[in-house]
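Me: I'd like to walk through this fold with you, one question at a time. Shall we start with what is on display?

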Amino acid sequence: ACFCDQDDIWMHDKLSYSISQLSSKMCPSVYTARTSLIDETGKLIGKSQEFNKPTTFRNALVQSIAGGNTMMLNAAAIKLINSVFSVDDYPVSHDWWIYILISGSGGEIVYDKCPKVFYRQHKGNLIGSNNSFAARAYRIKLLLSGHYKLWNDINSGLLLKCSHFLTSENKKILHDFISARQTTLFKRIYLMKKIGLYRQTWLGGLTLKLSIFLNKI
């Protein structure tokens, strides 16, 4: 299954290549990729960020790495998502939630550094591809205003309700993460370092450290 946004354009081999990457996977798995950025007229203007660190639960708890418009899910992933979905408990964003669920369950994230979707950027789209100075400044503003902390409240609460699907290691990571968010500064810094949370880029890592220090995590 794939998500499709009517404003984006799939490359000609998007479906066939996604299928080839998932065809041998038996565990819950999702294929996702970078995007090529286009403006409102369809002109190519760049690419989304490239990530090189492992796609794990320790990353997923504090960062969403790919847009839903690039994703394909295998049958096991769909079954897992359906088993924990509730209309009364909607996550912050479906693509981030999928990354959390699949990595948390011990499933596989196939991250492709080669773009497979043309992602249209509109004027006034502050978040967009995550590349621009405006997008990064906007995310710092969200951090300082407490939005990220609220989003982690929501995600953590949902995970607690369906923690049975987590591996034993990831269940411990979740509980340690929740405990660390509720303690004093120096203990919070120590526990977060012990958990081993990380974001994909140097600037993202710096933002994570700042959020931990300011208790905005």
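This is a predicted model: local features need pLDDT of at least 70, side-chain atom pairs count only at pLDDT 80 or more; totals for chains, interfaces and linings use all residues.

Me: What radius of gyration does the protein chain have, and what would a compact globule have?
Reply: The C-alpha trace spans about 50 × 40 × 35 Å along its principal axes. For 217 residues, a compact globule would come out near 17 Å, so the chain agrees with that, having a radius of gyration of 17 Å.

Me: Which share of the residues is buried?
Reply: Buried here means under 20% relative accessible area. Of the 217 residues in the protein chain, the buried share is 45%.

Me: How are H3 and H4 oriented to each other?
Reply: Helix H3 covers residues 75-84 and helix H4 residues 94-104, and their axes lie 11 Å apart. They pack at an angle of about 110 degrees, and angles of 65 to 115 degrees count as roughly perpendicular. H3 and H4 are therefore roughly perpendicular.

Me: Which residues in H4 do those of H3 meet?
Reply: By class, this contact has 7 nonpolar residues, with no polar and no charged ones. From H3 come Ala77, Leu80, Ile81 and Val84, and in H4 they meet Ile98, Leu101 and Ile102.

Key:
Residues are numbered from 1 along each chain as its sequence is written. Side-chain values use heavy atoms; hydrogens and water are left out. Axes are lines fitted to C-alpha atoms, for helices over the stretch in contact, and angles run from 0 to 180 degrees between N-to-C directions. Helices (H or I, at least four residues) and strands (E, at least two) are DSSP runs, numbered from the N terminus. Angles under 35 degrees count as roughly parallel, over 145 as roughly antiparallel, 65 to 115 as roughly perpendicular and the rest as oblique. Contact means heavy atoms within 4.5 Å. Ala, Val, Leu, Ile, Met, Phe, Trp, Tyr, Cys and Pro count as nonpolar, Asp, Glu, Lys and Arg as charged, and the others, Gly among them, as polar. The radius of gyration is taken over C-alpha atoms; the globule rule is 2.2 Å times the number of residues to the power 0.38. Buried means under 20% relative accessible area, exposed over 50%, partly exposed in between (1.4 Å probe, protein chains only).
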